[in-house]
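I opened this notebook to record what I looked up in one structure. The entries follow below.

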Amino acid sequence: MKNVIFDCLSLMGGCTAVNCSNSRRKGIRLFRFPKDISRRKIWLQNCRSGKWVPSDSSELCEIHFEENQFEQRRLDSLKKLKPNVIPTLFDVPNPPRMLETKRKSLYETIGNLSSDNLKKNVSSTEKRLSQATSIESNVTIRENYSEPVSCLSEECLSLDPIEELEKIRAEMNRLKDENDHIKKEIKELEKVEEENNLVQLEVEHLQTKVKKANELLHQFLNDDQISALSTPTGKWTNDTIVMGFKMRFALGVHGYEHLRETKYPLPAYSTLTRRLRQFKLNFGLFTDLLEPLKYKVSCMEEGDRFCCISMDEMEIKPQLSFDKNRHKMFGNIILGNTTKEGNKLLAVLIRGVKHTWKQMIGAHIIDGAVNKESFKKFIFECIDFVESCGIQVTSLSSDMGNCNRALWTLLGIQIKNEGVRENKFYHNGHYIFIAPDVLHLLKNLKNATLKGDIILPVTYCESNNLQTQIVKGSYISKLWTEEMNAGKELRSLHHLNRDDIFPDNFQKMNVGAAIRCFSLKTAVALEIAVKLGTLPPDVFTTAHFIRLIYEWFTLTASKVRKTSITKHNKELKYDFLEKIINLFENLTMGTVGNHLIFTRDAIENIFSQVRRKSGATPTATQCLSALKIISVSQFISDIKRSSYVTDSDTYLIDFFHTANNVSVSNNLNLSEKVGLLTYNLPSDVFETKNFDFLATSISKCDLNYLYHLAGSTTNMLLKHCCEECQIILQQNVPNNSFFESIQIYTTLLNQGGLKQPCMGLLQIIFNCELLYSKYKMYIIHNSSINLINKIVNDLSIEFLACVKFCDIKQKTVKHFFTVRSYCTVNFSVNSKKKEKNIWHSVSKKYFLKLYFFISTSIKCNSIALQLLLIFFFMGNKGVEA
């Protein structure tokens, strides 16, 4: 039994000596029995443990070794036994003889070891309890031994054992109470420490969140803006002021104020106005921009330091105006004769060659006749001003007005009779080219094409197998007019409206109209008209020319890598541009042989902003105020245009024009008298027509457009349906001769992305066209939802149901009615002729002369009759007035 107990103690990492409960957990070092057999016998004999045999893991604690048995003065301060040591200190009867050196008291040793901290005090108390327990047990064990216990003094032996035991028990109880109290304090301290750790973790988590929030705020707010979220501030940094200007120019005054009302930290609008008032801008060269522009150029890359100078004129009111901020009159001519008021604003703008940054650099008030020497001097001042900032001027552009032509002649720019162009002049050690703008060139080319004939060179026509040299824009207007007169809602030139074909002077400068005219759709419309016999074969030359201009404009106006000039396609693109240059150098307009002259208007967007701010014909002061705001916005703006189309003022203005906001119902052609009639759908079921019936009921031209619409519907469905339905839509594609005859439009228009519809979807589209034509008046006066639902329910054409319930049939019918309704509205809007207002078209001066002549001739003295004459000449507009 004793062997089992000792083995358990050894396994638990405790001392195996009799009456000793020390272990490593109490901070006591233990040493294993030696492997040497003779030394092991000595250790075992001194332990007085009877027949117990130690194992390899049996150990004795440091208490049982005398002080001289340890190595002294070790640098690592560890207690390490000397070789061949023998334990001699045991709490047993008849203990072994001690060596010569004295060992410290057991109680002092334990006290010294455990006086460091609170936990060691607990260990000390436990050791003292253990010692007391061993003494008590010794008292009991004495009865079994004849000789006295050597560990007790003579004084202790003289005492009564019972009295001695009571004292020991009292000491044990005291030490136990003290130990319990210390343990309780330790638990409380551990609990407080745990709470402190939790608080520390929470603090660290909150600090991380605050740091992350600050990082997010700094992504779009400055330090002063973040401070203003909690405490209003009256001081703003320059970065915040610049941000405020950007917001103001992007949102306008009301939008900026609304943003501030949402507690977004921005300077007050009055602060921006006060800062802007400090920027002085006067007519002439904007010298106040010199230093800021130098700084802006210093931040640019080397490739961005090339620019083009653009100049243009705008009509203004020929009157004086007073600027109260400057206390100065504006309106007199500055460049040239200053004795009269000017009626035009000459603006000069620079724009980047690599990127589309812009900056106003000067403006003058002029009239129609400007001294060419003064004009040349001003232009050279602008060039010197720009190049002093570190930007090289590569080209100069202007329109072909009288003043600009005189300037070009003075600079040596000319177009010789044989068509060779001298388009550059030398200044500041380099050449400056006269470069036409892509947009304005396209607009003038469109006007020239519609106005007369363009004759292509013979060699070019032979190399491209063209039957004729003549490009006739009249073919476009002829085809458009025939389709409109025939009442065709499904038209090949559906993308062109009346203003595109028959423009007035203002509409001739519409960039969008020129882009639509020279589009792939226009070329395909002419080609399909030839194939269907509507137009003669000579039209192929016009279609070829339109395709050529479309490809050229796509290349020059490209903003994406796919259609731009890259290192992989540059040779091919350069050859194409050389082809265009050679063609334009040799083509002529009409039969007289006049060479085409193209103009440039690169700052229409600036003028549109001035007009939007101050009206169609602003005063000189209003122009200067608008140019000041535009100059500041250009300087701080880093927004790049995405396309050339959005750079046109008419393209943007027309979009927001009030005339485009007229409701659709007012434009629909309701020539039939409907009165109080209601249009109801029939109660019988719609019968599904087969392809033989559909081929005889719908014209072949309309079938071509409907086939293309079916392909567009297929493309839409493939993007919004599951994989199972995608497989269904791509199966059973028509391929016989009938379907080949109605694929002409799609084939000519296809550039690789159009989809082929399946038989079921094509049959749905054709049946919907028959029903739409039959119930068009119902659709105009009622919602088409009921008709769509009835068609979906009645038509017997079905598709396999999928798990996700894509419902191909319903989506097809809805998409058809959406597109078809747009066709109806588009036809109604474009087929109407605009009513001209006689009162506004006829000068008031001549009207009043005619009125007084008639009233004097008939000697009419009646005021009522005079008013009647006025109403007669003014028409309905006058009556409304």
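**Entry 1: a pair of helices**

I looked up how H15 and H18 lie, and they are roughly perpendicular to each other, a term for angles of 65 to 115 degrees. The model is predicted, so I noted that local features need pLDDT of at least 70, side-chain atom pairs count only at pLDDT 80 or more, and totals for chains, interfaces and linings use all residues. Residues are numbered from 1 along each chain as its sequence is written, and side-chain values use heavy atoms, without hydrogens and water.

The axes (lines fitted to C-alpha atoms, for helices over the stretch in contact, with angles from 0 to 180 degrees between N-to-C directions) of H15 (residues 474-485) and H18 (residues 520-531) come within 11 Å and cross at roughly 75°. Helices are DSSP runs (H or I, at least four residues), numbered from the N terminus. In contact (heavy atoms within 4.5 Å) are Tyr 475, Ile 476 and Leu 479 of H15 with Thr 522, Ala 525, Leu 526 and Ala 529 of H18.

**Entry 2: Glu 527**

Is Glu 527 buried or exposed? I found Glu 527 in helix H18, and at 10% relative accessibility it counts as buried (under 20% relative accessible area, 1.4 Å probe, protein chains only). Leaving out residues up to four places away in sequence, I listed Phe 540, Ala 543, Arg 547 and Leu 748 as touching Glu 527.

Key
Helix = DSSP H or I, 4+ residues; strand = E, 2+ residues; numbered from the N terminus. Parallel < 35°, antiparallel > 145°, perpendicular 65-115°, else oblique. Buried < 20%, exposed > 50% of the residue type's maximum accessible area, 1.4 Å probe, protein only.
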